[in-house]
Amino acid sequence: MHEVQVDYSEALFLEPQLRAMDGFRRPAADHIQVNCGCTSKRFGDCVGILKVHSSGQFLITCHCNACDSSRAEQFTPYEFEKHARGQQGNGKWKSHIWVAVDGKKVAMWRTELYKYYKHAANGASGCVRRQFHRDEFIPCSSCGKQRRFRLRTKQLCRVYHDALLAKSSWKCADRPYDSRITCGDPEERGSRKKYRGCPRASYCRGCTICSCVGCLICRFVDCGCRNCTDFMQNANP
């Protein structure tokens, strides 16, 4: 007697509220897509496309200016909230990530989408997570103040990488972000420096999740430094 395989995906995502969400699409039976965003008081709205799978996996493709539009870089909800809010990110993505329903921003936990979320499908035992890079600091060669570098994308990793190579002569004025600083700007408080952006623990000092020893995001084929050269020669194709 043959066992009959039943696919229950067709019975999912039928709630009327889902179709009222901005950007609602159902490219396949096992997942839907909607537009989403996360708002920061400092940076404004960071928007993206949320893909909700029948397995309970949530993946967000970010469309902010800092992300490379040519690469489909995907975040878990936790990572997206950290990416969008920076230092303001505190892990409460269910409240901070929103979708637009009938033209109004509605927190994720208030929508019909949230009931499809499964923690196991978004952790290490579920989807393959991208390598996470915690924030790093470089001291100014002039004033000695420690300045933070966020390594959330390949472009941001390159900014830190180039600054690290020029560490002996790097100055506050060389920081290439939109918010320029000078040696006269105050240094971050010690209590704030403890927050390095690790998704595992706020005060993490470096673990296997946030401390990367080399990957295609933080190593560069056009760089001639020893770390990049060794990685490119020995990395698996």
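Is alanine 107 buried or exposed? At 17% relative accessibility, alanine 107 counts as buried, where buried means under 20% relative accessible area, exposed means over 50%, and partly exposed covers the range in between (1.4 Å probe, protein chains only). The structure in question is a predicted model, with residues numbered from 1 along each chain as its sequence is written. Local features need pLDDT of at least 70 and side-chain atom pairs count only at pLDDT 80 or more, while totals for chains, interfaces and linings use all residues, and side-chain values use heavy atoms, leaving out hydrogens and water.

Alanine 107 sits in strand β7; strands (E, at least two residues) and helices (H or I, at least four) are DSSP runs, numbered from the N terminus. Its contacts (heavy atoms within 4.5 Å) are with Lys94, Ser95, Ile97 and Trp98, once residues up to four places away in sequence are set aside. Cysteine 38 lies 69 residues from alanine 107 along the chain, and the two C-alpha atoms are separated by 9.4 Å.

Now for the overall picture. The protein has six helices and nine strands, and 42% of its 237 residues count as buried. Among contacts with a separation of 6 or more, 51% come from residues 24 or more positions apart. Confidence is given by pLDDT, the predictor's own score for each residue, from 0 to 100. The mean for the protein is 81, and 81% of residues reach 70 or more.

Next, the interior. A nonpolar core is a set of buried Ala, Val, Leu, Ile, Met, Phe, Trp, Tyr and Cys residues joined through side-chain atoms within 4.5 Å. In the largest one, which has 27 residues, Leu50 and Leu113 touch the most other members. At least two residues of this core come from each of β2 (31-40), β3 (44-53), β4 (58-62), α2 (77-85) and β6 (97-101), and β2 gives the most, with four. Leaving out residues up to four places away in sequence, Leucine 50 touches Ile32, Gln33, Val34, Cys36, Phe58, Leu59, Ile60, Met108 and Leu113. Apart from this core lies another, of 19 residues, including Cys140, Cys157, Ala163 and Cys228.

Helix α2 is mostly covered, with eight of its nine residues buried. They are Pro77, Glu79, Phe80, Glu81, Lys82, His83, Ala84 and Arg85. What do these buried residues of α2 pack against? Their partners are β2, β3, β4, β5 (74-75), α3 (93-96) and β6. Glycine 86 follows α2 and has a positive phi, near 60°.

Aspartate 102 also has a positive phi, near 55°, in a residue other than glycine. Its place is the loop between β6 and β7 (104-107), and at a relative accessible area of 64% aspartate 102 is exposed. Glycine 23, in the loop between α1 (16-19) and β1 (25-28), counts as partly exposed because its relative accessibility is 29%. Beyond four places in sequence, glycine 23 touches Gln33, Val34 and Asn35. From glycine 23 to cysteine 36 the C-alpha distance is 8.7 Å, across 13 residues in sequence. Arginine 192, in helix α5 (residues 190-193), is partly exposed as well, at 25% relative accessibility. Arginine 192 and tyrosine 203 are 11 residues apart in sequence and 9.8 Å apart from C-alpha to C-alpha.

Finally, the open space. On a 1 Å grid over the protein atoms alone, a pocket is an open set of points where a 1.4 Å probe fits, with protein on both sides within 12 Å along at least five of seven lines, and lining residues have an atom within 4 Å of a point. Grid points are joined across faces, edges and corners, and a volume is the space filled by probe spheres set on the points. The largest pocket comes to about 1200 Å³. Of its 34 lining residues, Arg42, Phe43, Arg150, Tyr177 and Ser179 are the closest to the centre. The elements giving two or more residues to this lining are β3, α2, β9 (146-149) and α4 (154-165).
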